[in-house]
Amino acid sequence: MQPFGPNGELVTLGHALTTEIGSPVYTELEMAVAFATSSGTSRIYGALRALSARGAAATAHVGLSNGITSAQAVEQLIQAGVEVFGFETGGSVLFHPKAYILRSPGQTWISVGSSNLTADGLYRNFEANSISVSIGAPDDVAAIAELSQVLLNLRGMQGHSSRLQLTDLQRLVTTGSLIDETVTPVPQRIKLKPGVARQGGANQRIQVPAAPPPHPDLGTVRRPRAAAAPPAATPATASAIQSRFFGMTLSDFDVSHRRGVPGTPEVSLPEECVAFFPTVQMQGRRYPDAYFDVLLNERTGGARPAHYRIWQRPPGTEAGHADWRINVGHDTIDQTGAGGDILLVERLPDGSDPAYEVWIVRAGDPEHAPLLARCNRTVQARGRAGVKQFGLF
């Protein structure tokens, strides 16, 4: 059972799946899911790309015309080397499986259950998935052969299953077979509410695991390219309005403002990045500001709502970096380990609540080095904040 195991430990299909995909034992992967969004594909993109690079075959069957499966998810799967088939039922029923199969001549790993290829389905929702590993028992061989044949039969259902190419994406968005995540909000999570349950008079909110950061090579969620257009190169520098991610290293001074330590838990913000966040305005306080909610992923594996404030202090004799600040609160600073950690903020599709998701990526985390490479600009902060690296991508 996701997200909690029999002893209360955190358990996710996403972690189990990426671990198995990373095993050199397997030579073939097949997935069949109802819904696929970039929130899910971006989390397993690195594992899929490595699988393809070592010569393994990967196939995905995804449901079409369901209002959730997106062109961006299909694009990311294809970029990772996955052969993608879209399944169209004509609206009579839903294409609704959630099966993940890894095969080799001597071993098979199977998950069949309720997890779609979305971040919440793989990491955060309450889901039930039955996972089995077979090393050649006769009964297992027969059952695996039957399931493999069913998936193979999907490809032969003319008029319902078709292989998808990058050049198909714009047409499929136009016909409503796929959504465009830059236009249609993806239902990645339920909206935040004042409280969903009460116990002893206090609001209680279930703490669930955090999804890992999306793969840093993917960058901005783009509109699907026109069918006749060649693949567009990722721009070296994205604007704040175009970007999906903002990343910035934190200084020793930034991370010093932990709970119980004097000082305000806020960080200076490069002016080039201000448009990534909500627009500030005068609201009866001394300086123009804006308050907004984020989903803060914790080091313990949980995630909680947090409240941020972006504000502008009018420049004095020295205009520049330190005139924009974000108060990220003690909950965020308490996730840090030392200066050099990266504050990573993802702007979610329009209509998401909250509109941003936040991670603290520590220097020892595997995501730190590739993210640091994306933070390819530097700025000299005023005061004790020092030189920071930042990036928009």
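Helix α5 (residues 138-155) has 18 residues and spans 27 Å from its first C-alpha to its last, close to the 26 Å expected at 1.5 Å a residue; the expected span is 1.5 Å times one less than the number of residues. Helices (H or I, at least four residues) and strands (E, at least two) are DSSP runs, numbered from the N terminus. The model is predicted: local features need pLDDT of at least 70, side-chain atom pairs count only at pLDDT 80 or more, and totals for chains, interfaces and linings use all residues. Residues are numbered from 1 along each chain as its sequence is written, and side-chain values use heavy atoms, with hydrogens and water left out.

**Overall architecture**

- The protein has 9 helices and 19 strands.
- Of its 393 residues, 50% are buried, where buried means under 20% relative accessible area, exposed over 50%, and partly exposed in between (1.4 Å probe, protein chains only).
- Among contacts in the protein with a separation of 6 or more, 71% link residues 24 or more positions apart; contact means heavy atoms within 4.5 Å.

**Helix α5**

- Ile144, Ser148, Leu151 and Leu154 are the buried residues of α5.
- These residues lie on the same side of α5 because they cover an arc of only 100° around the axis, the arc being that of the directions from the helix axis to the C-beta atoms.
- Pro138, Asp139 and Glu146 are exposed residues on the face of α5 turned away from its buried side.

**Helix α1 and the segment before it**

- The buried residues in α1 are Leu13, Gly14, Leu17 and Ile21.
- They cover an arc of only 95° around the axis and therefore lie on the same side of α1.
- The partners against which the buried residues of α1 pack are the strands β1 (28-33), β4 (98-103), β5 (108-113) and β6 (129-134), together with the helices α2 (38-53) and α4 (119-124).
- Ala16 also lies in helix α1, and it counts as partly exposed because its relative accessible area is 23%.
- Not counting residues up to four places away in sequence, Ala16 touches Trp109 and Ile131.
- Ala16 and Leu122 are 106 residues apart in sequence, yet their C-alpha atoms are 9.5 Å apart in space.
- Pro3 is found in the segment before α1 (13-21), and a cis peptide bond with omega of about 5° joins Gln2 and Pro3.

**The largest cavity**

- The protein has 1 cavity of 30 Å³ or more. On a 1 Å grid over the protein atoms alone, a cavity is a set of points where a 1.4 Å probe fits but cannot get out, and lining residues have an atom within 4 Å of a point.
- The largest cavity holds about 40 Å³ of space; grid points are joined across faces, edges and corners, and a volume is the space filled by probe spheres set on the points.
- The lining of the largest cavity consists of Phe246, Met248, Val267, Leu269, Phe277, Tyr308, Ile326, Leu343 and Val345.
- Strands β11 (245-249) and β16 (342-347) are the elements that give two or more residues to this lining.
- By class, the lining has 9 nonpolar, no polar and no charged residues. Ala, Val, Leu, Ile, Met, Phe, Trp, Tyr, Cys and Pro count as nonpolar, Asp, Glu, Lys and Arg as charged, and the others, Gly among them, as polar.

- Thr249 is found in strand β11 and counts as buried because its relative accessibility is 9%.
- Leaving aside neighbours within four places in sequence, Thr249 is in contact with Gly340, Asp341, Ile342, Leu372, Lys388 and Gln389.
- Leu218 is located in the loop between β10 (208-209) and β11; at 10% relative accessibility, this residue is buried.
- With neighbours within four places in sequence left aside, the contacts of Leu218 are Ser42, Tyr45, Gln76, Gln79 and Arg374.
- Leu218 and Gln79 are separated by 139 residues in sequence and by 9.6 Å in space, C-alpha to C-alpha.

**Two further loop residues**

- Ser65 is in the loop between β2 (57-63) and α3 (71-79), and at 37% relative accessibility it counts as partly exposed.
- Although not a glycine, Ser65 has a positive phi of about 55°.
- Most residues other than glycine have a negative phi, and most peptide bonds are trans.
- Asp353 is in the loop between β16 and β17 (356-361) and is partly exposed, at 25% relative accessibility.
- Asp353 and Val294 are 59 residues apart in sequence and 8.3 Å apart in space, C-alpha to C-alpha.

Terms used:
On a 1 Å grid over the protein atoms alone, a cavity is a set of points where a 1.4 Å probe fits but cannot get out, and a pocket is an open set with protein on both sides within 12 Å along at least five of seven lines; lining residues have an atom within 4 Å of a point.
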